Amino acid sequence: MKKLILLALVCFATLAEAQNQKGTFSIKPMAGINISTFGTPTIEDIYHAKVRFTAGVEGEYGVNDWLGLSLGLMYSQQGANIDGVVTTITPLDNDEILYSKSELDGYLHADYLNIPLMARFYIPSLRGLSFSAGVQLGLLVNDKTKTDVTNATIKISPSALDPNTVQEMYENTLVVTYGSVTLTDVCKSVDFGIPVGLSYEYKNVSLDARYYFGLTKMDKTENPDNAKHRYLSITLGYRFHL
């Protein structure tokens with residue numbers, strides 16, 4: 001029985017070993033999902049996670065038994081749901097201010113061709129497991145945002161900005177407008193950032209989880225915010241050795 005258990009463990013370790021050897025090339029088609037949003041330092045939290053699709057291929061060269069270098073091409077659907085409240089205060093000429101509160105409900109889609117250049121580090125003591133880090137260039141394919149807007153506006157004096165006073169004035173003098181905004185060409189055409197990941201491979205089947213930290217402010221509209229791409233990519237792939 002002990003010999004059978006030992007033999008099973010040896011077979012499992014052999015099968016689960018990361019398929020990386022010095023001087024070898026491999027390609028890995030892969031597909032999965034992005035859990036995408038935008039990182040932004042603004043006070044209003046209007047961007048929320050949205051599940052989208054990703055697929056592509058990576059080629060890898062084995063530098064040695066524990067290090068591989070890979071270059072990929074991925075079609076990546078990114079973006080976010082838009083849901084939240086934005087408030088603005090605009091000074092007027094008559095010593096009053098225009099106090100506006102906008103409720104937003106919609107989405108922003110941004111699809112890219114991403115080119116990740118990664119260094120993959122294999123862990124000898126944990127066969128099949130590796131982690132990676134690198135840089136990524138993204139080329140925008142198309143983008144679209146559609147947002148329903150409910151805008152509530154009042155004119156008040158600066159001394160009336162007490163929350164209770166504002167609420168009372170909203171109830172009595174509120175001006176409400178409704179609208180829907182649809183725009184294209186709202187994102188910059190090039191995105192740059194840092195992907196980091198963790199993957200496990202068994203019999204050439206690879207499960208990969210990768211998080212992307214965008215460094216480019218993606219908004220190119222007239223009143224841009226500081227939003228940057230953030231997404232968790234989970235893919236399943238199969239490695240072919242060349």
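1. Let's start with Arg239: its relative accessibility is 2%, so it counts as buried (buried means under 20% relative accessible area, exposed over 50%, partly exposed in between, with a 1.4 Å probe and protein chains only). Please keep in mind that this is a predicted model, where local features need pLDDT of at least 70 and side-chain atom pairs count only at pLDDT 80 or more, while totals for chains, interfaces and linings use all residues. Residues are numbered from 1 along each chain as its sequence is written, and side-chain values use heavy atoms, with hydrogens and water left out.

2. Arg239 has a salt-bridge partner in Glu60, at 3.3 Å from N to O (a salt bridge is a side-chain nitrogen of Lys or Arg within 4 Å of a carboxyl oxygen of Asp or Glu). Glu60 sits in strand S3 (residues 50-62) and Arg239 in the loop between strand S10 (228-238) and strand S11 (240-241), so the two are distant parts of the chain, 179 residues apart. Here strands (E, at least two residues) and helices (H or I, at least four) are DSSP runs, numbered from the N terminus. Glu60 is buried as well, at 7% relative accessibility.

3. A further partner of Arg239 is Glu201, with the closest N and O atoms 2.9 Å apart. Because Glu201 belongs to strand S8 and Arg239 to the loop between S10 and S11, this pair ties together parts 38 residues apart in sequence. Both Arg239 and Glu201 are buried. Through shared partners, salt bridges join Glu58, Glu60, Arg120, Glu201, Asp208, Arg210 and Arg239 into one network.

4. Glu58, a member of that network, lies in strand S3 and is buried, with a relative accessible area of 4%. Its side chain makes a polar contact of 3.0 Å with the side chain of Arg210. Where does the salt bridge between Lys220 and Asp185 sit? The side chains of this pair meet at 2.9 Å, N to O. Lys220 lies in the loop between strand S9 (205-217) and S10, and Asp185 in the loop between strand S7 (175-184) and strand S8 (190-202), so the pair ties together parts that are 35 residues apart in sequence. Lys220 counts as partly exposed, at 41% relative accessibility. A search of the whole structure finds nine salt bridges.

5. Now to the nonpolar side. The largest nonpolar core has 14 residues, of which Phe38, Tyr47, Ile82, Leu108, Cys187 and Met218 touch the most other members (such a core is a set of buried Ala, Val, Leu, Ile, Met, Phe, Trp, Tyr and Cys residues joined through side-chain atoms within 4.5 Å). Strands S4 (67-91) and S5 (97-122) each supply at least two residues of this core, and the largest share, four residues, comes from S5. Among the residues that Met218 touches, not counting those up to four places away in sequence, are Phe38, Tyr47, Leu108 and Cys187.

6. For the rings, a whole-structure search gives seven aromatic pairs (rings of Phe, Tyr and Trp, with its six-membered ring, pair if their centres lie within 6.5 Å; planes under 30 degrees apart count as stacked, over 60 as edge-to-face and the rest as tilted). Phe38 and Tyr47 form an edge-to-face pair, 5.0 Å centre to centre with 75° between the planes. Phe38 is buried at 4% relative accessible area, and Tyr47 is buried at 10%.

7. Phe121 and Phe131 are stacked, at 5.2 Å centre to centre and 25° between the planes. Phe121 is in strand S5 and Phe131 in strand S6 (residues 129-156), ten residues apart. Phe121 counts as partly exposed at 26% relative accessibility, and Phe131 is also partly exposed, at 40%. Together with Trp66, these two form one aromatic cluster.

8. Finally, the overall picture: the protein has two helices and eleven strands, and 37% of its 242 residues count as buried. Among contacts between residues at least 6 apart in sequence, 70% join residues at least 24 apart.

Terms used: Contact = heavy atoms within 4.5 Å. Polar contact = N/O pair within 3.5 Å; in protein donor to acceptor, adjacent residues only side chain to side chain.
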